[in-house]
Every structure is written in C-alpha cells, then in structure tokens.
Amino acid sequence: PARLEVQRGTTVTWTNRGQVIHTVTANDGSFDSGNIDSGAKGSIRFSRPGTYEYHCTPHPFMRGVVVVR
C-alpha cells in the first residue's frame with residue numbers, strides 16, 4: 001500500500017514480485033533495505049514512532065509512507 005500504519009516495534013516486510021531489483025529507502029536516509037532481487041524479501045523494523053517516507057532507489061516514482069504509532 002502507498003500508506004501503512006503500524007505499532008512501534010513492528011517489522012514490515014516487502015516482497016519483490018516484479019522482474020527487476022527494487023529497494024526500500026528512507027527519504028531521510030534513516031534506513032535502506034539494499035537491493036531486493038526478484039522474488040526476494042526485504043524487512044525493516046520500526047522501533048520509534050513517526051512518519052517514514054520511502055522510495056525505490058532505481059525507480060524513484062515508486063513511493064510510500066509508513067506511519068509508526
């Protein structure tokens with residue numbers, strides 16, 4: 001989803017169902033999944049409340065927000 005709300009301490013996992021590499025990279029640089037190959041997964045644990053905007057480095061038009069409560 002473009003926006004996801006989770007509780008503090010939640011680990012969010014993204015699955016790359018595409019044919020090319022993707023990333024989950026915070027706009028402010030606070031996290032980066034590294035490359036997620038086709039069919040692979042990448043996870044980020046959110047331990048602090050806040051609003052975290054992210055994008056895919058190779059495809060900057062792919063964006064989302066995780067809101068941590």
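A contact here means heavy atoms within 4.5 Å. The model is predicted, with local features needing pLDDT of at least 70 and side-chain atom pairs counting only at pLDDT 80 or more, while totals for chains, interfaces and linings use all residues. Residues are numbered from 1 along each chain as its sequence is written, and side-chain values use heavy atoms, leaving out hydrogens and water.

**View 1. Contacts and strands of the chain.** Among contacts between residues at least 6 apart in sequence, 53% join residues at least 24 apart. The chain has zero helices and six strands (helices are DSSP runs of H or I with at least four residues, strands runs of E with at least two, numbered from the N terminus).

View 2. Trp-14 lies in strand 2, residues 10-15. Trp-14 is buried, at a relative accessible area of 18% (buried is under 20%, exposed over 50%, partly exposed in between, with a 1.4 Å probe and protein chains only). Beyond four places in sequence, the residues that Trp-14 touches include Val-24, Ile-44 and Val-66. Lys-41 stands 27 residues from Trp-14 along the chain, yet their C-alpha atoms are separated by 5.5 Å.

**View 3. The largest nonpolar core.** This core has 13 residues, and Trp-14, Phe-31 and Tyr-54 are among those with the most contacts inside it (a nonpolar core is a set of buried Ala, Val, Leu, Ile, Met, Phe, Trp, Tyr and Cys residues joined through side-chain atoms within 4.5 Å). Strand 2, strand 4 (41-46), strand 5 (50-55) and strand 6 (63-68) each give two or more residues to this core.
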